[in-house]
Amino acid sequence: MNIYGDWGNVLVLKRRLEWHGYDVNLLEYNQGDAFPETVDMIIGGGGQDSGQDKIQKDLLEIGTRLHDLARDDVPMLMICGLYQLFGKFFKTGDGHVIEGISLLDIETHAGPERLIGNIITKNNEFGEIVGYENHSGLTFLGKDVQPLGRVIKGAGNNGRDETEGARYRNIIASYLHGSLLPKNPAIADFLIEKAIVRKYGEFTPTVIDDRFAELARETALKRPR
Amino acid sequence: MSKPYVTMLGKAVRYITRLRGGGSALPGLFVEKIDPNFIKRTLAGLPQGIVVISGTNGKTTTTKMVVELLQSQGLRVFTNRTGSNFTRGVAAALLGEVDNKGNIDADIAVLELDEAHAVSFVKSVPPRYSLLLNVMRDQLDRFGEIDATAKMLAIIGKSTTETVVLNREDPRVAAIAKILSHQTVNYFGLSPELTHLFPNDDEMRGKPVQKTTVQPPQAEVVLKSLEGNTAKFTLGKRMITTTLKLQGIYNVYNAAAALALTEAIIGEDMDDEKLVEALSQITPAFGRGETVTIGGQPLELVLVKNPSGFRLSLSSFKPAGYATMIAINDNYADGRDMSWLWDVEFDSLKNDGVAEVAGVRAYDMALRLQYDEILISHVEPDLSTALRHFISSNASVPKRIFCTYTAMLALRRELSKITNVEVIS
């Protein structure tokens with residue numbers, strides 16, 4: 001599922017890994033494909049509500065595998081639609097319950113209106129996180145997950161409790177598009193470091209020129225909702 | 001309020017806003033406020049009725065083509081040619097055309113309408129014909145989801161009283177035929193050899209969408225081929241071959257849409273010779289590949305609003321020999337979300353690089369290019385400063401600017417200070 005430019009997340013991880021000196025083997029997994037043997041990082045995007053239904057069955061089938069990988073501390077990034085389906089369930093407006101894989105202790109309920117616009121959140125490790133949200137589902141966090149950020153401007157998970165996204169082990173989940181990683185390279189480098197350390201034991205980063213990211217962040221912080 | 005009175009007031013506001021060099025839609029907004037029925041009443045008497053053109057990409061260019069093709073057949077056409085495609089834009093354009101009694105001298109009205117505004121418009125003023133172009137990911141921050149946009153187009157189709165012309169190659173648009181029972185449905189389409197040039201958003205990433213094995217419906221107009229600037233179309237049972245002044249395959253496909261609509265309106269009375277002559281003379285709408293001359297060198301403005309449009313523009317306008325500038329704004333009319341830039345591949349600019357990156361979101365664009373490893377000479381968010389720098393640093397070569405909607409309007413204003421730019425009123 002890729003409809004809101006979440007490809008940017010994949011591209012950023014691929015390029016930064018290359019710039020750090022690693023060869024990247026990018027595998028595209030779509031519903032019905034054989035799940036790859038070895039995986040070092042998993043990235044999932046958002047989709048329309050109608051796309052959600054289509055991938056749900058397939059996701060449940062590979063759910064056990066994803067649980068194993070998460071327990072093994074494989075870093076994962078899940079945006080929007082897959083963030084919701086990594087949780088316990090999504091309850092639609094007409095009371096229909098779409099079951100998730102329960103990897104994240106979260107639940108999502110259809111909301112009365114779409115939450116749309118620029119958003120800024122804050123996380124102690126990553127600093128300010130900037131992006132763009134566009135979702136109607138309202139997500140509520142259980143006790144086994146931490147929020148990814150505290151909302152400074154925008155709606156976040158549900159517009160009520162000032163949380164945005166979720167963290168569990170090395171999984172980062174969020175509603176933020178923009179794409180998320182280009183303007184938040186600290187999160188990209190977190191995922192990269194976890195993957196490399198897990199695979200090779202240590203990670204020696206090179207210095208990447210993030211001036212454009214820095215300036216784009218400054219602009220994003222000033223834009224209206 | 002009486003009709004002549006509203007008209008006079010509206011015209012007065014139009015005159016005053018023009019004196020102070022104001023925007024084109026304000027007088028329309030004013031008339032809308034004091035007389036919500038102004039448009040409906042003024043257009044009601046047109047002998048050939050009203051035509052509505054909507055969709056994500058190509059509305060302005062296609063509307064311009066339809067107007068010129070209908071004029072070639074002798075019709076007097078009213079249109080909102082400002083590209084101000086909200087209802088108030090229509091009202092503003094009407095104010096420029098009506099006489100003081102509020103009457104309009106035209107046979108038919110051809111209106112370009114933004115999807116959301118078209119929905120409220122057709123509910124009060126049902127069109128006789130509609131042309132539905134495509135549904136692409138664009139301005140999702142306004143409309144939510146693509147499927148919501150498709151529903152808006154379906155409402156336009158359903159409100160049409162006679163003929164609905166649909167894009168056969170866009171699955172969401174073609175599906176609208178299923179809900180139309182009272183209307184004649186006509187299609188425009190592509191020959192199978194050309195369809196790969198128009199990937200839809202579902203096919204952008206991941207698996208290609210499963211093609212249905214169902215025989216596609218017969219299309220009244222098919223774009224058969226485009227070689228250089230020579231295009232071949234089938235029009236019913238006839239074949240039309242013509243050279244075009246339009247650039248870019250998507251503009252030429254819009255011509256197929258315009259032909260299909262013109263055929264639906266004129267029918268058997270069509271004068272093919274005049275039609276082809278008019279088609280060959282059509283130039284792009286403002287900011288859609290429009291060219292101005294600066295220091296003896298051409299400068300092209302190419303509007304980009306969404307990933308599919310940007311990709312098509314990059315593949316249609318070859319960068320070799322050109323200095324390239326990209327100007328990205330994120331005002332309401334552009335869409336606030338920058339995600340779309342990440343669904344465009346900029347590899348085609350790798351050899352020549354990008355001379356200038358500008359606009360409110362210049363650094364977002366620069367960041368995007370960085371990840372495609374494309375060389376950037378200069379970044380300057382301020383459009384006026386950037387334009388001057390771009391022109392002076394690339395004085396002796398042809399230039400091209402890819403720009404979002406409000407960036408395009410601002411750049412045209414700047415350009416009009418230094419060269420001849422057609423005034424759009």
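**View 1. The open four-stranded sheet of chain A.** In this predicted model, with local features taken at pLDDT of at least 70, side-chain atom pairs counted only at pLDDT 80 or more, and totals for chains, interfaces and linings using all residues, four strands of chain A form an open sheet in the order β1-β2-β10-β9. Its pairing is mixed. Strands pair if DSSP finds at least two bridges between them. Helices (H or I, at least four residues) and strands (E, at least two) are DSSP runs, numbered from the N terminus. Residues are numbered from 1 along each chain as its sequence is written, and chains are lettered from A and ligands numbered from 1 in the order in which they are written. β1 (42-44) and β9 (166-168) are the edge strands, each pairing on one side only. On average, neighbouring strands are turned by 10 degrees against each other, direction ignored.

**View 2. The β1-β2 pairing in chain A.** Three bridges join β1(A) to β2 (residues 76-79) in the parallel sense. A:Ile43 has A:Leu77 as its bridge partner in β2(A).

View 3. β11 (residues 297-303) of chain B runs parallel to β15(B) over five bridges. There, B:Val302 is the bridge partner of B:Phe402. β12 (residues 323-327) of chain B also pairs with β15(B) in the parallel sense, over five bridges. Here B:Met325 partners B:Ile401.

**View 4. Helix α8 of chain B.** This helix (residues 146-159) has 14 residues. From first C-alpha to last, α8(B) reaches 20 Å, close to the 20 Å expected at 1.5 Å a residue (1.5 Å times one less than the number of residues). Its buried residues include B:Ile146, B:Met152, B:Leu153 and B:Ile156.

View 5. α7 (residues 211-222) of chain A packs against α13 (residues 362-371) of chain B at about 150 degrees, with axes 8 Å apart. That makes the two helices roughly antiparallel (over 145 degrees). Axes are lines fitted to C-alpha atoms, for helices over the stretch in contact, and angles run from 0 to 180 degrees between N-to-C directions. Residues meeting across the pair include A:Phe212 and A:Leu215 in α7(A), and B:Tyr363 and B:Leu367 in α13(B); contact means C-beta atoms, placed from the backbone, within 7 Å.

Definitions and conventions: A residue is buried if 20 or more other C-beta atoms lie within 10 Å of its own, exposed if 12 or fewer, and partly exposed in between; C-beta atoms are placed from the backbone. Angles under 35 degrees count as roughly parallel, over 145 as roughly antiparallel, 65 to 115 as roughly perpendicular and the rest as oblique. Two residues are in contact if their C-beta atoms, placed from the backbone, lie within 7 Å.
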